[in-house]
Each structure stands twice: as structure tokens, then as C-alpha cells.
Amino acid sequence: MDTITYKMHLSRKAGVTSVPVDVTLTEKVLTWTSELQFNRVKVKSICTNDLLAIHPVKTGSDVVESDVMTFRLFFVEHFPHRVMKMNSIVLSIHHSDALSFLTKINTIVKGPQKPRRLLVFINPISGRKKGTTVYRKQMSPLFRICGISVDVVVTRRRRHISSVLETYDLTTIDGIVTVGGDGLYSECVNALLRKQQPNNDIELDTPSSPVSEIPIGIIPAGTGNVLVEFLHGNKDTETAVLHIIKGKTTPSNVAGLYQNRKLTVFAGLVLGFGLCGEMVRDCEKMRWLGPTRHSAPLKAFFQRRTIDLDVTSKQTTTGTKDTVGQNCRLSGPMYSLDMWDTNTR
């Protein structure tokens with residue numbers, strides 16, 4: 001993309017006094033420069049991958065000349081602790097330059113990595129039971145601004161996601177979004193991989209590297225929201241939504257548990273048994289308590305028992321073909337197998 005500078009007027013809101021600016025657009029950065037008093041210059045820059053959408057503004061008294069076009073440009077603004085918020089500016093540009101500027105901006109905001117259609121699963125009872133409210137007030141408006149169409153499913157029972165994905169045409173979407181906690185994400189991972197593995201000619205009950213081309217976005221509306229914090233460095237809802245809109249993806253490891261040559265479950269967060277399993281089991285029994293149920297595992301902790309185990313693991317790296325390393329062995333009586341964090345190697 002060639003570097004081009006446009007003469008414009010900028011304001012934060014339509015209808016208020018605007019200031020003349022020089023807007024320069026390159027492949028990586030959009031910059032506007034304005035003159036202040038005493039020959040001072042103010043410069044503001046936005047990375048092009050933070051540009052979200054541009055919409056025409058219905059103008060009235062704020063436009064003096066009929067050959068001037070006015071647009072609102074939406075972008076991501078960054079804050080401390082890796083928090084992101086949507087912001088916008090109003091730009092007025094001469095009609096002769098408008099087509100060139102709009103064409104370049106739309107090429108950026110509608111890039112191939114940006115999702116255009118999403119399947120959203122909402123758990124209405126996870127965490128503090130605010131999943132539907134989070135979607136309606138914090139997600140839907142941002143998706144609408146960015147031109148993302150959404151197919152929404154509110155889960156009503158366990159494995160509801162599995163029943164939906166069994167017959168869903170995944171070629172019609174660019175990704176899946178879960179609005180809930182870590183459990184809803186795990187359920188989605190299992191349902192998606194169980195559908196995708198056979199589609200990639202992989203036997204479901206044969207231990208192998210799980211494959212899925214469909215990204216999963218996570219909106220924190222649960223109790224722990226551990227995975228969102230791991231990915232983004234915070235649990236902010238709008239930050240998570242903007243990561244999805246920008247099309248930013250992060251590879252995540254998945255572990256498969258097989259017993260008697262049959263797939264039991266895929267684990268997308270942690271995999272463990274013994275004390276870890278018993279504590280999670282006690283939490284699930286007290287789910288009706290909401291967030292306070294996490295005090296329930298104290299019983300399992302104080303009544304912990306040793307378990308005899310013998311575990312052999314292999315490190316596999318994927319390049320042009322899978323390469324299996326040496327065996328690692330862990331055996332003997334212990335309280336619990338150390339948790340395997342499947343998001344780190």
C-alpha cells in the first residue's frame with residue numbers, strides 16, 4: 001500500500017467543532033497530525049490492525065460544503081494491563097479523496113483474517129448468571145458495528161453444544177464463541193473435535209494429534225475464567241470481544257484421554273486425577289452454590305488419599321511430520337498426579 005496523506009477535519013462527535021488534520025495512511029499505521037498554538041504539532045497514530053470499521057455519518061449543520069463527506073472511524077484503544085476498548089473519531093474529507101480513503105480503510109477492516117460470521121453459544125446459568133446480559137449489552141453492539149453476523153444458541157442442558165454441532169455446517173462460519181466459563185469452552189472443544197476428527201480422516205478412538213481449523217473465542221461470563229486471563233492477561237469482557245473482532249488467534253494445546261482404546265475426553269485446560277479430580281468432582285456437586293462452591297474442595301483436600309500410579313509420557317513435536325521423543329516416567333504412591341497444564345509445553 002502506497003503512503004498517502006489526506007486533508008481532513010477531525011472531531012470526536014458529529015456536530016461539534018472540528019479541527020483540520022493531515023491524515024497519513026500506510027500499510028501498518030494511520031496517523032493524523034494537527035497544528036496547535038505556538039507552532040506546536042500534535043500527532044496521534046493507530047496501528048492498522050487496530051482499525052475496526054468505518055461508517056458514513058448523517059450530517060446536517062456540521063457540514064458547510066455539499067462536496068464534503070463525513071465518516072466515523074472505529075478503532076481499538078489500548079490501556080494498561082492489556083485492556084482494550086473501542087473508540088471512534090469523526091472525519092470529514094473532500095468528496096474527491098473520499099473514495100480512495102474508504103477503499104483503503106475497507107480493505108484493512110475487511111481483511112481475510114477478520115471473522116464475518118460467528119456461531120455463539122451462551123450459558124445462561126454460568127458464574128453469576130449474566131451470560132445473556134453480557135452478550136446483549138457488551139458483545140452484540142460491537143459485532144453490529146463491525147458488520148459481523150451472528151448465530152446465537154442459548155444452551156439449555158449438558159451437551160447441548162454437541163447436539164447442535166452434529167448437524168451444523170461449519171463451512172458457513174469463521175469461528176465459534178462461548179459466553180460462559182471454562183466448562184463451556186471445554187464442552188465446545190470436545191464437541192468440535194469429535195466432529196472435526198472424522199472429517200480429517202482421523203479415527204476418533206486412535207490417539208493422535210487433535211485437529212481443528214475452526215477457532216474458538218471465549219467471553220468471560222463464568223466463575224473462574226482462567227483461560228481468558230491466560231490468553232489476554234485480564235478478564236475484561238470488551239477486551240475479549242475485540243480480540244475476536246480483530247481475528248487474533250493463539251494456538252492452544254489439547255490433551256486426549258483414552259481408556260481401553262476408547263476416547264474418554266479431550267482436555268483443553270488442565271488434565272489431572274487423584275486429589276485434583278476429587279476436588280473438581282466436589283465442586284460440581286455444589287454448582288448450585290454459584291461462585292462460593294469453590295470452598296467445597298476443602299473436604300477432599302483434608303481427606304486426601306494416596307494413589308498408586310505409573311505414568312509414561314512422550315513429548316511430540318509437529319513439523320513436517322510428528323516426531324516422538326523419549327519416554328518420561330512417573331511412578332509410586334502419591335496424593336495426586338501433578339496437573340498437566342495443556343496450554344504450555
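Visitor: How many helices and strands does the secondary structure of the protein chain come to?
Guide: This is a predicted model. Of the 345 residues of its protein chain, 40% count as buried. The secondary structure comes to eight helices and 17 strands.

Visitor: What percentage of the contacts in the protein chain with a separation of 6 or more comes from residues 24 or more positions apart?
Guide: The count takes in contacts in the protein chain with a separation of 6 or more. Within that set, the share from residues 24 or more positions apart is 58%.

Visitor: What is the strand order of the open sheet of seven strands?
Guide: Pairing in this open sheet is antiparallel. Strand 4 (41-47) and strand 5 (51-56) each have a single partner strand, so they stand at the edges with one side left without a neighbour in the sheet. Neighbouring strands are turned by 35° against each other on average, direction ignored. The order is 4-3-2-1-7-6-5.

Visitor: Which residue in strand 7 stands opposite Leu10?
Guide: Strand 1 (residues 4-11) pairs with strand 7 in the antiparallel sense, over four bridges. The residue of strand 7 opposite Leu10 is Leu91.

Visitor: At about what angle to strand 7 does helix 6 run?
Guide: Helix 6 lies across strand 5, strand 6 (68-79) and strand 7. Helix 6 is also among the elements that cover the buried residues of helix 2. Its angle to strand 7 is about 55°.

Visitor: What is the strand order of the open sheet of four strands?
Guide: Here the pairing is parallel. Strand 9 and strand 11 are the edge strands, each pairing on one side only. From one strand to the next the twist averages 20°. The order is 9-8-10-11.

Visitor: Which residues of helix 2 are buried?
Guide: What covers them includes strand 7 (83-94), strand 8 (117-122), strand 9 (149-154), strand 10 (175-180), strand 11 and helix 6 (237-246). The buried residues are Gly131, Val134, Tyr135, Met139, Ser140, Leu142 and Phe143.

Visitor: Which residues touch the most other members of the largest nonpolar core?
Guide: This core has 25 residues. The elements that give two or more residues to this core are strand 5, strand 6, strand 7, strand 8, helix 2, strand 10 and helix 6. A second, separate core of 23 residues includes Tyr6, Val21, Leu102 and Ile105. In the largest core, the residues asked for are Met139, Val179, Ile219 and Ile245.

Visitor: Which residue is the bridge partner of Gly256 in strand 13?
Guide: Strand 12 (residues 255-259) and strand 13 (residues 262-267) run antiparallel, joined by five bridges. Their hairpin has two residues between the strands, and Asn260 takes a positive phi near 55° there. The partner of Gly256 is Phe266.

Visitor: Is Gly224 buried, partly exposed or exposed?
Guide: Gly224 lies in the loop between strand 11 (216-220) and helix 5 (226-232). Apart from residues up to four places away in sequence, Gly224 touches Asp182 and Lys235. Its relative accessible area is 28%, and buried would require under 20%, exposed over 50%. Gly224 is therefore partly exposed.

Visitor: What distance separates the C-alpha atoms of Gly224 and Gly181?
Guide: Gly224 and Gly181 are 43 residues apart along the chain. Their C-alpha atoms are separated by 6.7 Å.

Technical notes
Residues numbered from 1 in each chain as written. Predicted model: local features only at pLDDT ≥ 70, side-chain atom pairs only at ≥ 80, totals over all residues. Heavy atoms only, no water. Buried < 20%, exposed > 50% of the residue type's maximum accessible area, 1.4 Å probe, protein only. Contact = heavy atoms within 4.5 Å. Pairing = 2+ DSSP bridges. Axes fitted to C-alpha atoms, helices over the stretch in contact; angles between N-to-C directions. Core = buried A, V, L, I, M, F, W, Y, C linked by side-chain atoms within 4.5 Å.
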